[in-house]
Amino acid sequence: QRSSTAMRPAGPIHPEPSAEFMAGVCQTDVRVQRLKIRMRDGSRIAARAYMGERTVCGLIWCHGGVFARNSAATDSELCKALARKGIGVVSSSFRDGPFFSHPQAVRDLEDVARHARSELFAGLPIGVAGGSSGGYHALLLGVRPPDDEPFAFAAGLAPVSDPARRADYLCSCVHGRAAADGYSVHLGRGKAVLMYLLQISYFRSARAMRAASTALATPGKHCGADGPTRTLLQIGTADRNVPAQVTAPVRAWVSQTTVLEGLGHLAAFGPPFEPWLPGFVSFVLEAAAALERGASAAQQAA
């Protein structure tokens with residue numbers, strides 16, 4: 001069942017985190033392990049695993065970067081914050097633009113997920129999440145999990161969930177039509193040009209972007225009998241990189257959408273992580289707990 005919530009943070013867009021939230025974030029140490037994970041073609045890619053003193057579920061984190069930038073080291077503070085909440089995280093590099101094309105990044109992340117299931121989080125509920133362009137990869141893995149083994153949850157934070165729509169939006173910005181085309185917030189021409197070039201360097205063509213969009217707009221045929229994995233979308237109303245219109249097709253089927261009033265591009269945030277991280281953590285822990293409850297009930301029935 002889908003739900004939609006709106007959070008309206010008081011004060012500035014980047015408020016100081018509450019004492020209660022920071023007490024939870026800072027209560028344990030985090031171990032960071034640097035890895036080289038073997039891919040199906042024999043290549044090895046860099047990854048980092050983040051573990052707190054107690055881990056109740058695992059998360060594959062897919063970094064953003066306009067489908068062409070960043071690495072396993074991106075979002076390290078976020079990964080540590082999640083680990084302190086009991087969410088073990090593996091964040092990896094993956095092959096994307098301009099030297100590799102879609103769906104190479106997704107294939108790499110599938111192999112990371114396989115490694116995480118067997119070597120890092122064996123026996124634990126495991127999910128996938130990502131921000132910005134990484135949010136697209138995470139959502140796609142959620143509806144097309146490797147080996148048809150469903151994830152406990154999936155989440156996209158300000159995700160480029162419809163690459164074709166995002167490309168159209170960037171073109172509107174380049175030609176000065178964004179406001180007339182209905183975008184209340186939009187990028188300047190220079191940044192829009194750069195972002196379009198980075199995005200097309202991975203997808204290579206408008207046709208490939210349309211196919212990538214369709215894969216998420218109509219996920220039903222790729223899901224099990226129970227439908228898509230429990231999925232969260234978090235978007236900000238002031239996001240100029242991924243306006244709300246870009247996520248419209250995916251909002252039609254995700255389990256929960258959280259709209260953060262006045263918030264910009266979520267994936268660009270470092271500490272402090274309020275107002276969006278507490279809700280994300282709650283979603284992840286509840287999804288993992290629900291899977292555990294279901295498994296326990298099935299064992300008792302057997």
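In α5, the residues P163, R166, A167, L170, C171, C173 and V174 meet R189, A192, V193, M195, Y196, Q199 and F203 in α6, where contact means heavy atoms within 4.5 Å. This is a predicted model, in which local features need pLDDT of at least 70 and side-chain atom pairs count only at pLDDT 80 or more, while totals for chains, interfaces and linings use all residues. Residues are numbered from 1 along each chain as its sequence is written, and side-chain values use heavy atoms, with hydrogens and water left out.

Back to the two helices. Helix α5 covers residues 163-174 and helix α6 residues 189-203; helices are DSSP runs of H or I with at least four residues, strands are runs of E with at least two, and both are numbered from the N terminus. Their axes come within 8 Å and cross at roughly 150°. Axes here are lines fitted to C-alpha atoms, for helices over the stretch in contact, with angles from 0 to 180 degrees between N-to-C directions. That makes α5 roughly antiparallel to α6, the term for angles over 145 degrees. The crossing of α5 and α6 is left-handed, meaning that the near helix is turned anticlockwise from the far one by less than a right angle.

Next, the aromatic rings. There are nine aromatic pairs, counting rings of Phe, Tyr and Trp (its six-membered ring) with centres within 6.5 Å; planes under 30 degrees apart are stacked, over 60 edge-to-face, and the rest tilted. F67 and Y136 have ring centres 6.3 Å apart and planes at 65°, so this pair is edge-to-face. F67 sits in the loop between β4 (57-62) and α2 (76-84), Y136 in helix α4 (residues 133-143), and 69 residues separate them. Are they buried or exposed? F67 is buried at 1% relative accessibility, and Y136 is buried at 0%; buried is under 20% relative accessible area, exposed over 50%, partly exposed in between, with a 1.4 Å probe and protein chains only. The pair W276 and F280 is tilted, at 6.3 Å centre to centre and 55° between the planes. Both W276 and F280 are buried. F67, Y136, Y202 and F203 form one aromatic cluster.

Two arginines lie over ring faces: R95 over F100, at 5.6 Å from the ring centre, and R117 over F151, at 4.8 Å. The rule asks for NZ of Lys or CZ of Arg within 6 Å of the ring centre and within 35 degrees of the ring normal.

Last, R114, in helix α3 (residues 104-120). R114 is partly exposed, at 30% relative accessible area. Leaving out residues up to four places away in sequence, R114 touches R40, P146 and D147.

Terms used. Parallel < 35°, antiparallel > 145°, perpendicular 65-115°, else oblique.
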